[in-house]
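Here are some friendly notes to read beside the model. Take them one at a time, and keep the 3D view open as you go.

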Amino acid sequence: MSIKRIEIADLIKQPKIDETVLIKGWVRAFRANRFIALNDGSCFGNVQVVVDFENFEEALLKKISFHACIAVEGKVVASQGSGQNIEVVAEKIEILGEANPEEYPLQPKKQTMEFLREKAHLRMRTNTFSAVFRLRHALSYAIHKFYNDRGYYYMNTPIITGSDAEGAGEMFGVTTFAPNEAPTTEDGKVDFKQDFFGKSTNLTVSGQLQAETGALAMGKVYTFGPTFRAENSNTSRHLAEFWMVEPEVAFYDIMDNMDLAEDFVKYLLNHVLENYLEDLTFLDKRIQDLEKNMKKEDRRTMGLIETLRFVVDNSFERITYTEAINLLRNSKPYKKGRFEFEVEWGKDLSAEHERWLVEKKFQKPVIVRDYPKGIKSFYMRQNDDGKTVAAMDVLFPGIGEVIGGSQREERHDVLKARMEEMNISEEELWWYLELRKFGGAPHSGFGLGFERIVLFVTGMSNIRDVIAFPRSPGTAEF
Ligand code: 4AD
Ligand code: MG
């Protein structure tokens, strides 16, 4: 096989009938010892390879099995069958990597998501996961493109952090001390002064505080990196290691921040609708198939693509936290005692409350702002009412919170007082306070949970199925 290999995406895009081509990929199906569906990941579609079994040895044909890797040289012809425009008539076939069906863990049939999670090293070869991971890539690219085209600078913030003050969640410690062998101080606590960094350190829960230094120098920055939370929340929406996109913008107030969030998310959805319709169509159909046997009330009211279009075409609802509480207290489920968690001003909204607002009341994304200061972080700007802060959460149907953000407290004295009230160490965050002392300015930002938006776009139901190797309580395989 001496000719240059062509990728299947290019072959399908611009087929040259009668040309001899070399393609390589993984066998998705081999029907009737005659038709191979070959996929190399370059696009959703497969190429059909036609095999005249009389021209090949039986020993070789036997090795053309589900997910085996093969190279095929053959002639491009117009397809006889339906479903594809062209096919490749095999002249030479080489087995690059066998996948003996007697040992290979995956079967060419429907397998549960739980099973495939245990085979995460192989699951990207399936239609579903290759579509999911192409879309994940597409969203990453669109994130960089969105910010680059608007003059933002991409900033990388540290993964190991010396402050644990953000309060976004439980942290994973980082140390070179062996367990049980850590030196201790006189009062029996671990003596981190003797540790690698000379202090206690953790994996970061967010790049925000450092991104603020960028915004107050470069104007508009964003981070896009891994973040870590050790909360023991074993849900289909939480990971211990996830990726977050955090724009931070000087001179923006909470209203500008909400506009940015809405434009940003719509841009991402538009990008995949315009460029990845094949993958989306497959996932859309997959959900319909899954829901066929469900009760009507459990099914989604809209298809996947329809939902994405709907979000792009409609403005997000914007309400204050106080309005949300009033709406909830007047709702049917509240009056009938169907909410599990209390609805009371000053308490956080729980997932069931958020879902009612988004899925029942407004039936579209909702941005809730001006939360009680008691349930939000120390750095959020206090509103004039003395009770609320300029925080905002973007809530999505089926997912809940995809974005959390705020206008930041830029007033040095107010921030200092708030830190004292909340027991946040000034010693640790001296630099953060200095940003308010020297050349400070009003500024705002937010964090988009990357996997949450991938979840929404792909219509998958568990967040562990939209990151290649999920980390969650009890799992860190691969
Ligand atoms: O609301 P959060 O905690 O906000 C922050 O960390 C701010 N520092 C962001 C900022 O203002 N720059 O997290 C932001 C988003 C959430 O809205 C959610 O989408 C996602 O991150 N998120 C998680 N995603 C997966 N697994 C988890 N355990 C998550 N925790 C938060
Ligand atoms: Mg949040």
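1. Let's begin with how the two domains meet: seven residues of domain 1 are in contact with nine residues of domain 2, where contact means heavy atoms within 4.5 Å. Domain 1 covers 8-97, and domain 2 covers 125-170 + 205-465; such bounds come from an automatic or database domain assignment. Their C-alpha centres lie 44 Å apart.

2. A word on the ground rules. This is a predicted model, in which local features need pLDDT of at least 70 and side-chain atom pairs count only at pLDDT 80 or more, while totals for chains, interfaces and linings use all residues. Residues are numbered from 1 along each chain as written, chains are lettered from A and ligands numbered from 1 in the order written, and side-chain values use heavy atoms, leaving out hydrogens and water.

3. Now look at the backbone around the ligand. An oxygen atom of ligand 1 lies 2.9 Å from a backbone N or O atom of V402, and a nitrogen atom of ligand 1 is 2.9 Å from a polar backbone atom of L239. For F446, the distance from a polar backbone atom to a ligand nitrogen is 3.4 Å. The protein buries 92% of the 630 Å² that ligand 1 exposes when taken alone, by the Shrake-Rupley method with a 1.4 Å probe.

Technical notes:
A polar contact is a pair of N or O atoms within 3.5 Å; within protein, one must be able to donate a hydrogen and the other to accept it, and residues adjacent in sequence count only if both atoms are side-chain atoms.
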